[in-house]
Amino acid sequence: MNALHILLWGVLPYLVALTLLGGLIWRYRYDQFGWTTRSSQLYESKLLRIASPLFHYGLFVVLMGHLLGLLIPKSWTDLVVSQETYHMVALGAGTVAGIATLAGIGMLIYRRRTTGPVFLATTRNDKLMYVVLTAAIVLGMIATLTGGHYPSGEEHNYRETVSIWFRSLLVFSPDVEAMAESTWQFQVHVLIGLALFALVPFSRLVHAFTVPLHYLFRPYIVYRSRDAVTPTPSRGRVRGWDPVGTQDRDRKTR
């Protein structure tokens with residue numbers, strides 16, 4: 001077994017997982033006030049109103065597609081749909097979601113580069129995050145569109161290589177050979193994805209772990225207009241705290 005393959009597909013994923021977990025614990029303990037996206041909506045909102053939903057909803061679909069493709073064995077989906085149908089649906093939905101995500105992040109980068117206050121608030125860490133995130137999206141689309149065959153022309157199914165390797169990581173028995181047999185497109189995409197996960201605790205991407213789920217369960221907030229409230233009749237001066245000081249003594253001596 002190739003030593004490089006063991007390092008990349010057997011050791012590196014666990015190092016990234018430790019970095020992710022340790023980084024999140026460290027960030028939560030020592031930088032809770034920095035656990036935010038550092039919103040720049042105050043500086044520019046028109047472009048952000050389009051780019052942000054496009055990016056976030058597109059990315060959500062992409063992540064759900066990844067989880068379904070990696071966690072559900074091929075033998076299970078074969079009981080429900082054919083391989084051709086599965087491939088067509090996954091390719092269509094993945095392509096649309098990938099284009100939406102790429103368009104959204106492209107607009108966000110353009111906004112950050114052309115809006116003065118937003119650009120001034122951009123850190124080196126932000127720039128690195130954008131580069132790695134964009135690379136992961138682009139390489140993911142390349143893998144989806146061109147990684148279906150080996151150079152010899154033989155058909156490649158990532159659910160028989162990448163998916164098996166991913167599930168083997170969860171039981172701490174990495175199937176290095178399965179990942180090594182994948183195409184270079186998927187291998188590069190996985191490596192960039194690992195780099196992105198390692199970067200999460202140290203970038204604004206950390207806000208993904210603070211999704212406000214409590215919003216689903218909190219009570220409704222009722223707003224009432226001032227005009228709808230019956231004004232309270234004036235009763236003159238309402239006494240509050242007794243005055244304290246020299247003014248009070250002067251008033252009593254008069």
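This is a predicted model: local features need pLDDT of at least 70, side-chain atom pairs count only at pLDDT 80 or more; totals for chains, interfaces and linings use all residues.
Me: How are H1 and H9 packed, in terms of angle and axis distance?

Reply: Helix H1, residues 3–30, packs with helix H9, residues 184–199, at an angle of about 25°. Their axes are 8 Å apart. Angles under 35 degrees count as roughly parallel, and H1 and H9 are therefore roughly parallel to each other.

Me: Left-handed or right-handed crossing for H1 and H9?

Reply: H1 and H9 cross in a left-handed manner.

Me: Which residues of H1 and H9 meet there?

Reply: On the H1 side they are Leu8, Trp9, Leu12, Pro13, Val16, Thr19 and Leu20. On the H9 side they are Gln187, Val190, Leu191, Leu194, Phe197 and Ala198. The residues of this contact of H1 with H9 comprise 11 nonpolar, 2 polar and no charged.

Me: Now H4 and H6. What is the angle between them?

Reply: Helix H4, residues 83–114, and H6 pack at about 155°, and their axes lie 10 Å apart. That makes H4 roughly antiparallel to H6. The crossing of H4 and H6 is left-handed.

Me: And which residues make the contact of H4 and H6?

Reply: H4 contributes Leu91, Thr95, Gly98, Ile99, Thr101, Leu102, Ile105, Ile109 and Arg112. H6 contributes Tyr130, Leu133, Thr134, Ile137, Val138, Met141, Thr144 and Leu145. By class, the residues of the contact of H4 with H6 divide into 11 nonpolar, 5 polar and 1 charged.

Me: Changing topic: how many salt bridges are there?

Reply: The count comes to 3 salt bridges, taking a nitrogen-to-oxygen cut-off of within 4 Å.

Me: Which one involves Asp126?

Reply: Asp126 forms a salt bridge with Arg204, and the closest N and O atoms are 2.9 Å apart. Asp126 lies in helix H6, residues 124–146, whereas Arg204 lies in the loop between H9 and helix H10 (246–253), so the pair ties together parts that are 78 residues apart in sequence.

Me: Are Asp126 and Arg204 buried or exposed?

Reply: Asp126 counts as buried, at 1% relative accessibility. Arg204 is buried as well, with a relative accessible area of 9%.

Me: What does Arg27 pair with?

Reply: The side chain of Arg27 meets that of Asp31 in a salt bridge, at 2.8 Å from N to O. Arg27 counts as buried at 6% relative accessibility, while Asp31 counts as partly exposed at 27%.

Me: And what about Lys74?

Reply: Lys74 and Asp78 meet through their side chains in a salt bridge of 2.9 Å, N to O. Asp78 is partly exposed, with a relative accessible area of 35%.

Me: On to H7. Which of its residues are buried?

Reply: In helix H7, residues 162–170, the buried residues are Val162, Ser163, Trp165, Ser168 and Leu169.

Me: What do those buried residues of H7 pack against?

Reply: The buried residues of H7 pack against H1, helix H2 (46–71), helix H8 (176–180) and H9.

Me: Last one: which residue with positive phi follows H7?

Reply: H7 is followed by Phe172, whose phi is positive, near 60°.

Notes
Residues are numbered from 1 along each chain as its sequence is written. Side-chain values use heavy atoms; hydrogens and water are left out. Axes are lines fitted to C-alpha atoms, for helices over the stretch in contact, and angles run from 0 to 180 degrees between N-to-C directions. Helices (H or I, at least four residues) and strands (E, at least two) are DSSP runs, numbered from the N terminus. Angles under 35 degrees count as roughly parallel, over 145 as roughly antiparallel, 65 to 115 as roughly perpendicular and the rest as oblique. A crossing is left-handed if the near helix is turned anticlockwise from the far one by less than a right angle, and right-handed if clockwise. Contact means heavy atoms within 4.5 Å. Ala, Val, Leu, Ile, Met, Phe, Trp, Tyr, Cys and Pro count as nonpolar, Asp, Glu, Lys and Arg as charged, and the others, Gly among them, as polar. Buried means under 20% relative accessible area, exposed over 50%, partly exposed in between (1.4 Å probe, protein chains only).
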